[in-house]
Amino acid sequence: MPLIEVDDVSLAYDTPAGRVQGVLGATFNMEESEFLCLVGPSGCGKSTLLNIIAGFLTPTGGEIRIGGKKVSGHGMDRGVVFQDFAQLFPWRTALGNVAFGLEMKGMGKEEREEIALQQLKLVKLEKFANSYPHHLSGGMQQRVAIARALAYNPAVLLMDEPFAALDAMTRDDMQRLLADVWKTTGKTIIYVTHNVAEAVYLADRVIVMTPHPGTVKAEIPIMLPRPRDPLSLEFLEHQKQLLNYLGQGTSKAA
Amino acid sequence: MTMIAQTGANTGLQDGKTPDPAKRAASWRAIRRAAITIGLALATYELIARTGSFPRALLPTIPMIVRTLFAMLLDGSMLMHSMYTLYRVLFGFFLAMVVGIPLGILMARFRRVEQFFLPLVSALMPIPSFALVPLFMLWFGIGNLTTIIIVFYAATFPMIFNTWSGVRSVNPLWLRAAGAMGADEHKLFWKVIIPGASPFIITGMRQSFLRAWIAVVGAEMIAASNWGLGWVIFDAKEFLNADIMLASLAVIGFIGFAFERLVFGSLERGTVMRWGMMRSAKS
């Protein structure tokens, strides 16, 4: 049985301009330890779909099952990383942020801080355990956010364009780091992005979505060996294929 | 004091604990400049007092005021007056926090509470607390009760207003992230909303105390008997003791300054400034 089943999920909402179909009939499955990217232009419903999986939004049709259990509301089987750096609590140190979920679970201080420190090691920030977020760079803050979402050991990690607000060089470093973290932890990850190269670099499988209404257009497995070389011919071929699905292949180079 | 949006971008600011020689030199320069300003103001006063154009009893020289101040400090009377006033102001201020902070939070969280209290708060807030002293004297008599209620009245509204604004300005992303990590309503309140609203709550406490301190001196002038810094000033007019008035004013100014700088200043430095949620002006 697949770990995650997205079963004919739809979400419609009303706007002054009429009823909008944010997501229509999205269906796909995910195996454990798979890295899945949702790719598409803005308005294609990829973030909406992620928010439904996270339990922040309730679908108007269909359902999502994790481990066979229907999702309703958010739960600790899912960890979430947002795009905005401000997601960290400014009044807590890096360590305090990472330990938050374990604290909510009622774990003792010593134990949770030990686990939090291990998580910070995983993202190479153990030296900054006692720093407050405002003393960390954007990339470091996002690494803390990743460690925070992993600390309470959720079955799935949900990431909503976590590196979109970073500069290009930092973003490359972060993608490498995330690929390492994924390899080390074997976590199941759903990653939303509008960046095709990022999807080809990270994913086992890419789900391409298109807007009006937001639908799944294609599922493309990426079988390239890891670590991947973004300048290799095969890598560029995959990128080109994705761009074609998005209707951007002919005129514009990425 | 500047509020910053929660961009989280690395501001590169030194945190309050780091001893920075350039910063220390700058703060000494600031102290020296303040001393020059105050020194000049005192010298001007002294000059006018010594021209003899006004009776000495009404415009005493600074050495006379200092002598009176020391005499009152030594015989313990100034201490007693200060203790009475502090008791009243802290009691009223404490009540204002106990009522204002929870009410502000409830107003921000529940629309019905907001709809009910907001008109009341808006209508009562502009009434000067001093204008209520005669009425409260009729109701509650002369003494501690009336002055404490006046202080409470003056201090509550800024506390309510700032808390209300603070809770509404808590970043929704923090609530979402905390919810995803399994925080229940109770934990969300103590671990996210209160610290998230703390820049506003601390500003509210500051404004409240300032208003409380102004109110207590005024209220004591007519609604207190025998003790209190406000009372001693008002009583001194019967005997034309301008020196006592000015000495008491100096003590009032000093205590107010100490609270503002030491109590609320360190509270701010230890919390919201340390967390980068509030920072000092750039230059």
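Let me begin with one pair of residues: R65(A) forms a salt bridge with E5(A), and their closest N and O atoms are 3.3 Å apart. By salt bridge I mean a side-chain nitrogen of Lys or Arg within 4 Å of a carboxyl oxygen of Asp or Glu. R65(A) sits in strand β4 (residues 61-66) of chain A and E5(A) in strand β1 (residues 4-15) of chain A, so this pair ties together parts that are 60 residues apart in sequence. Helices (H or I, at least four residues) and strands (E, at least two) are DSSP runs, numbered from the N terminus.

Residues are numbered from 1 along each chain as its sequence is written, chains are lettered from A and ligands numbered from 1 in the order in which they are written, and side-chain values use heavy atoms, with hydrogens and water left out.

Are R65(A) and E5(A) buried or exposed? Both R65(A) and E5(A) are buried; buried means under 20% relative accessible area, exposed over 50%, and partly exposed in between (1.4 Å probe, protein chains only).

Over all chains, the structure holds 20 salt bridges. A second one joins R92(A) and E103(A), with the closest N and O atoms 3.0 Å apart. R92(A) lies in the loop between β6 and α2 (94-98) of chain A, and E103(A) in helix α3 of chain A, so the pair ties together parts 11 residues apart in sequence.

E103(A) also leads us to the other chain. Its side chain meets that of K191(B) in a salt bridge (2.7 Å, N to O). Between chain A and chain B, the count is 1 salt bridge. At 12% relative accessibility, E103(A) counts as buried, whereas K191(B) is partly exposed, with a relative accessible area of 29%.

Let us now turn to the interface. Here, 30 residues of chain A are in contact (heavy atoms within 4.5 Å) with 29 residues of chain B. The two chains bury about 2,500 Å² between them, 63% of it on carbon and sulfur atoms. Buried area is the accessible area (1.4 Å probe) that two parts lose on being put together, summed over both. Which three residues supply more of the area that chain A buries against chain B than any other three? They are W91(A), M104(A) and H134(A), which supply 29% of that area.

Chain B has 10 helices and 2 strands, and from the N terminus on its elements run β-α-α-α-α-α-α-α-α-α-α-β. Its C-alpha atoms fill a box of roughly 75 × 55 × 30 Å, taken along the principal axes. Of the 283 residues in chain B, 41% are buried.

Finally, a word on confidence. The average pLDDT of chain B is 89, and 93% of the residues score at least 70; pLDDT is the predictor's confidence in each residue, from 0 to 100. Over residues 1-17 of chain B, however, pLDDT stays under 50. Where pLDDT is low, the predicted coordinates should not be read in detail.

Terms used: This is a predicted model: local features need pLDDT of at least 70, side-chain atom pairs count only at pLDDT 80 or more; totals for chains, interfaces and linings use all residues.
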